Amino acid sequence: MPKLVGAIDQGTTSTRFVIFDQSGSIVALHQIQSTQHYPQPGWVEQDPYEMLDLAKACMEHAVRKLNGTGYTSSDIQAIGVTNQRETTLAWDKLTGLPLYPAIIWSDARTTETVQKLAATSDKGIDALRSVCGLPLTNYFSGVKMRWLLDNIPMVAEAQEQGRLQFGTLDTWLIYNLTGGAEQNGVLVTDVTNASRTMLMDIHTLQWSEEALSFFGLEMQTLPKIASSSQVYGTLHEGSLMGVPIAGCLGDQQAALVGQKCFGAGDAKNTYGTGCFMLFNTGNSPVLSDNGLISTVAYQFGDDAPSYALEGSVAVAGSSISWLRDNLKLISSVDQLNDLAAEVPDTAGVYFVTAFGGLFAPYWRDDARGTICGLTQFTTLHHLARATLEAVCYQSRAILDAMNKEANTPLRALKVDGGISNSDLCMQIQSDILGITVERPSMRESTALGSAMAAGLAVGVWESIHDLAHVNVQGKTDFTPAINTEKREHMYNGWQEAVKRSFGWTTSNPQA
């Protein structure tokens with residue numbers, strides 16, 4: 001009997017539903033773009049209902065596309081969920097209605113909240129690092145939850161009346177897809193998403209009383225923490241009604257699984273709206289001394305969890321969207337690549353895309369977007385190339401930090417995500433890193449990872465060893481084409497440009 005597995009991939013700029021066969025090949029896919037809202041500078045929001053409706057619509061369209069493939073919806077054994085992490089929602093647990101738009105992971109409104117929280121501890125931004133592996137910063141969900149309580153009366157009132165439910169997007173989707181408020185939907189999150197809230201003890205994989213007290217969330221009901229691969233519940237309606245939801249991973253951890261980085265020392269880099277490099281550290285968390293964060297990589301069933309070090313870049317593909325939508329300088333990603341390919345270098349131009357601060361390894365909330373090195377010689381071609389290079393330089397900074405943590409330096413980097421489709425960008429990445437960049441032929445690694453987790457839970461694959469035969473469709477290798485002297489000269493210029501991006505803001509007056 002043929003066995004298929006589906007995956008909801010709820011990203012920052014789009015939602016898709018991908019159906020895979022047992023070899024990891026795509027049988028059907030449907031994707032719909034989503035809308036981001038920017039009500040104030042540095043604020044990024046989305047409509048919780050839109051994200052739910054898009055997930056449902058993508059499932060229905062993808063199932064219809066099975067017609068003529070030789071498969072039917074009954075062949076789908078389970079679905080997995082993967083989602084943009086750290087994005088935070090608050091809803092009424094009695095009605096299921098959202099109390100505020102979803103605050104997106106890259107939102108920078110919480111700078112003042114971070115400063116106030118850091119001032120309460122003699123460890124500053126490292127107040128909870130030994131517990132959760134994370135520094136205090138705008139990025140993580142606990143800070144967003146505190147902001148909602150302090151600034152949105154409906155949220156504070158719901159907490160006082162015992163009606164408040166906080167969650168990340170995985171919880172929101174699974175809760176509603178399994179019935180919501182009316183049908184006793186399942187309130188659950190997996191260990192990877194929970195590890196991004198600052199509220200979970202990374203060692204015990206349970207909600208931390210110390211962290212909850214620090215944020216003033218002691219009385220808050222949070223979803224149950226589960227493994228990344230188990231049956232959470234079944235779909236309540238639609239063409240796949242009754243199919244189990246059996247996998248759940250934050251998007252970057254899902255990409256790590258999809259790239260089969262199961263061994264300590266394996267690493268991948270995903271180029272999406274942001275850019276995220278994860279390095280598998282095995283069955284014990286490693287607390288970084290070099291600006292990286294510690295996170296749960298995955299946990300399959302009752303197996304011991306695997307951990308990772310991560311370096312996160314807030315702005316990657318979104319810098320291309322900024323050139324297209326805000327400045328109207330380009331009409332598409334393909335045009336950016338064409339423009340960038342027409343010049344051999346940036347003629348000394350550096351674009352630090354710190355629109356809402358810089359993440360790892362800098363952790364500077366006061367940084368802002370900066371373009372350095374402009375001259376009368378500069379053209380749009382140079383700016384286009386500098387936009388691609390910005391992603392690659394930030395990945396180099398993260399890789400340098402990872403090499404300091406690792407016993408041996410990385411020799412190759414596995415890549416996926418939208419920008420990885422650019423041969424030019426991946427060649428630049430290899431040049432700047434000085435190592436081989438490996439790109440798989442099938443680049444839906446994030447969706448595949450959550451499908452793998454779901455399939456493992458229901459027996460589509462019996463064990464992690466069976467996954468060795470999944471997605472073996474080949475790869476493209478990019479190798480360095482410049483010498484060390486040129487590489488270091490270029491990177492030194494980037495480091496100087498980064499210094500010039502610091503200090504543009506000390507607080508958020510709109511908060």
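Gln473 counts as partly exposed, with a relative accessibility of 36%; here buried means under 20% relative accessible area, exposed over 50%, and partly exposed in between, with a 1.4 Å probe and protein chains only. Gln473 sits in the loop between helix 14 and strand 23 (475–478), where helices (H or I, at least four residues) and strands (E, at least two) are DSSP runs numbered from the N terminus. Not counting residues up to four places away in sequence, Gln473 touches Gly24, Ser25, Ser441 and Met442; contact means heavy atoms within 4.5 Å. Gly24 is 449 residues from Gln473 along the chain, yet their C-alpha atoms are separated by 9.0 Å.

A word on what you're looking at: this is a predicted model, in which local features need pLDDT of at least 70 and side-chain atom pairs count only at pLDDT 80 or more, while totals for chains, interfaces and linings use all residues. Residues are numbered from 1 along each chain as its sequence is written, and side-chain values use heavy atoms, with hydrogens and water left out. The protein averages a pLDDT of 91, and 98% of the residues score at least 70; pLDDT is the predictor's confidence in each residue, from 0 to 100. Residues 507–511 are a stretch to treat separately: pLDDT stays under 50 there, and the model has 13 contacts beyond four places in sequence for them.

Six strands make up an open sheet with mixed pairing, in the order 3-2-1-5-14-13; two strands pair if DSSP finds at least two bridges between them. Strand 3 (26–33) and strand 13 (229–234) are the edge strands, each pairing on one side only. On average, neighbouring strands of this sheet are turned by 25 degrees against each other, direction ignored. Within the sheet, strand 5 (residues 76–83) and strand 14 (residues 244–250) run parallel and are joined by five bridges, and Val81 has Cys248 of strand 14 as its bridge partner.

Two helices lie across these strands. Helix 9 (residues 251–258) lies across strand 5 and strand 14, at about 100 degrees to strand 14; axes are lines fitted to C-alpha atoms, for helices over the stretch in contact, and angles run from 0 to 180 degrees between N-to-C directions. Helix 14 (residues 445–458) lies across strand 1 (4–10), strand 2 (14–20), strand 5, strand 13 and strand 14, running at about 135 degrees to strand 14.

Strand 18 (residues 306–313) is well worth a look, since eight of its eight residues are buried. Ser306, Ala308, Glu310 and Ser312 are buried on one side, and Tyr307, Leu309, Gly311 and Val313 are buried on the other. Its pairings go like this:

| Partner of strand 18 | Sense | Bridges |
|---|---|---|
| Strand 16 (residues 275–282) | antiparallel | seven bridges |
| Strand 17 (residues 293–298) | antiparallel | five bridges |

Phe276 stands opposite Ser312 of strand 18, and Ile293 has Glu310 of strand 18 as its bridge partner.

On to the helix pair. Helix 11 (residues 333–341) packs on helix 12 at an angle of about 110 degrees, with the axes 7 Å apart. The two are therefore roughly perpendicular; angles under 35 degrees count as roughly parallel, over 145 as roughly antiparallel, 65 to 115 as roughly perpendicular and the rest as oblique. Leu336, Asn337, Leu339 and Ala340 of helix 11 make the contact with Leu380, His381, Ala384, Arg385 and Leu388 of helix 12.

Glu389 also belongs to helix 12 (residues 380–405). Glu389 is buried, at a relative accessible area of 5%. Leaving aside its neighbours within four places in sequence, Glu389 is in contact with Thr346, Ile428, Ile432 and Met490.

Helix 4 (residues 141–151) is largely enclosed by the rest of the structure, because nine of its 11 residues are buried. The buried ones are Ser141, Gly142, Val143, Lys144, Met145, Arg146, Trp147, Leu148 and Leu149. They pack against strand 6 (88–92), strand 7 (102–103), helix 2 (111–118), helix 5 (153–160), strand 8 (164–168) and helix 8 (209–215).

Ser208 counts as buried, at 6% relative accessibility. Not counting residues up to four places away in sequence, Ser208 touches Val131, Leu199, Met200 and Asp201.
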